[in-house]
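Open the model in your viewer and keep the selection tool at hand. This tour goes stop by stop.

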Amino acid sequence: MTLQPTPAAKKRILSGAKPTADSLHLGNYIGAVRNWVDMQAEYDAVFFIPDLHAITVDFDPSELAKRTRIVAAQYIAAGIDPDKSIFFVQSHVPEHAQLAWALNCITGFGEASRMTQFKDKTQKSGADTATLGLFAYPTLMAADILLYRTDLVPVGEDQRQHLELTRNLAQRFNTKFGDTFTVPEATILKESAKIYDLQNPSAKMSKTGESPNGAIQLLEDPKIAAKRIKSAVTDAGTEIRFDPEEKPGVSNLLTIYSSLTGKPVADLEAEYEGKMYGHLKVDLAEVVVDFVTPLRNRTNELMADPAELDRLLALGAERAREIASVTMAQVYERMGFLPSHSLAGVR
């Protein structure tokens with residue numbers, strides 16, 4: 001009998017998206033969510049809604065829970081499978097805050113002060129108006145990652161410095177208190193298409209763009225999405241070709257078209273050779289409507305049954321805590337905390 005090789009353990013990957021808007025936009029889906037969905041087959045995936053991060057800046061308490069459910073529902077509607085992945089809300093797992101405090105206490109003040117994102121976010125209003133939570137944001141992010149012994153973290157350029165701090169803290173803790181944390185690596189899973197504002201194709205599509213017509217909101221009426229595609233800014237000339245420097249508007253539309261259909265941009269260029277911008281816009285509007293309609297309908301189904309959505313998130317939190325509680329117990333033991341005992345256990 002030939003022995004079969006033991007399957008290699010999947011690497012663990014972690015990512016999250018803050019609940020700071022009433023709807024994700026098309027750039028969120030193409031740039032991030034689609035990657036999350038693909039990760040589920042290849043990795044041991046942990047995805048979460050970082051609501052603790054959402055309160056590091058000014059927020060509306062009456063909106064937070066609603067937006068947390070909306071973001072969760074959209075990710076599930078887009079293909080995140082709570083059976084395949086650990087999917088939960090950050091505040092449902094108290095170990096995130098517990099580990100963040102422990103990491104705060106081994107992070108130098110000067111080290112935290114050098115985080116450029118804090119400087120960027122306080123540039124207009126000044127550091128005096130910022131909260132301690134915003135200042136300590138990178139150590140909470142480090143806790144999110146280290147709590148699950150994460151191997152790989154997909155990060156953009158704006159988060160690379162934070163991941164480097166995470167790696168430093170993991171190594172520092174392991175050296176000072178004993179081998180506890182996996183030192184995570186940054187990863188770029190695949191080239192993610194960047195989607196730009198439909199009215200200003202020099203800026204990324206954003207929920208805070210100059211004009212609401214610049215973004216496709218996934219939960220808006222699909223007719224509005226179609227209208228925004230048809231009114232998108234294009235470029236001088238009439239040739240439909242991919243040229244981000246000379247034709248940023250048309251290039252953006254081609255990127256969206258390719259991302260949603262899987263057709264290579266070169267094939268689209270050939271398909272629309274000799275045609276006008278209007279032909280491309282009309283066809284792309286139909287593609288976008290065909291994409292957003294079922295996602296919107298599924299999101300609305302989930303939001304119509306909040307008890308079931310909350311049940312799925314609670315199950316995800318239970319699975320997350322199975323890992324997080326073990327990590328936290330080891331952290332407390334190695335840092336020298338007195339073990340906790342129930343009253344029944346000390347009688």
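Select Arg149, in the loop between helix 8 and strand 4 (152-154). Helices (H or I, at least four residues) and strands (E, at least two) are DSSP runs, numbered from the N terminus. This is a predicted model: local features need pLDDT of at least 70, side-chain atom pairs count only at pLDDT 80 or more, and totals for chains, interfaces and linings use all residues. Residues are numbered from 1 along each chain as its sequence is written, and side-chain values use heavy atoms, with hydrogens and water left out.

Arg149 is partly exposed, with a relative accessible area of 22%. Buried means under 20% relative accessible area, exposed over 50%, and partly exposed in between (1.4 Å probe, protein chains only). Check the backbone of Arg149 too: its phi is near 50°, a positive value in a residue other than glycine. Most residues other than glycine have a negative phi.

**Helix 8 and helix 9**

Now select residues 137-146, helix 8, and residues 160-177, helix 9. At what angle do helix 8 and helix 9 pack? The angle is about 65°, and their axes are 9 Å apart. Axes are lines fitted to C-alpha atoms, for helices over the stretch in contact, and angles run from 0 to 180 degrees between N-to-C directions.

Colour the contact (heavy atoms within 4.5 Å). Helix 8 brings Tyr137, Pro138, Thr139, Met141, Ala142, Ile145 and Leu146. Helix 9 brings His162, Leu163, Leu165, Thr166, Leu169 and Ala170. By class, the contact has 10 nonpolar, 3 polar and no charged residues. Ala, Val, Leu, Ile, Met, Phe, Trp, Tyr, Cys and Pro count as nonpolar, Asp, Glu, Lys and Arg as charged, and the others, Gly among them, as polar.

**Helix 4**

Move to helix 4, residues 95-104. Its buried residues are Glu95, His96, Leu99, Ala100, Ala102 and Leu103. They cover an arc of only 160° around the axis, so they sit on the same side of helix 4. The arc is that of the directions from the helix axis to the C-beta atoms. The partners of these buried residues are helix 2 (51-54), strand 3 (86-89), helix 8, helix 9 and helix 14 (306-335).

**Helix 10**

Next, select residues 222-230, helix 10. Which residues are buried here? They are Pro222, Ala225, Ala226, Arg228 and Ile229. Their arc around the axis is only 160°, which puts them on the same side of helix 10. These buried residues pack against helix 13 (277-304). The face turned away from the buried side carries exposed Lys223 and Lys227.

Look at the start of helix 10: a side-chain oxygen of Asp221 reaches to within 2.9 Å of the backbone nitrogen of Lys223.

Zoom in on Arg228, buried at a relative accessible area of 9%. Its side chain reaches the backbone oxygen of Pro212 at 3.3 Å. Then click Ile229, with a relative accessible area of 0%. Not counting residues up to four places away in sequence, Ile229 touches Leu198, Ile216, Lys281, Leu284, Ala285 and Val288.

**Last stop: Glu239**

Follow the chain into the loop between helix 10 and helix 11 (248-261) and pick Glu239. Glu239 is partly exposed, with a relative accessible area of 46%. Leaving aside neighbours within four places in sequence, Glu239 is in contact with Lys247 and Tyr277. Finally, draw a distance between the C-alpha atoms of Glu239 and Ile145: they are 94 residues apart along the chain and separated by 47 Å.

How values were computed
A polar contact is a pair of N or O atoms within 3.5 Å; within protein, one must be able to donate a hydrogen and the other to accept it, and residues adjacent in sequence count only if both atoms are side-chain atoms.
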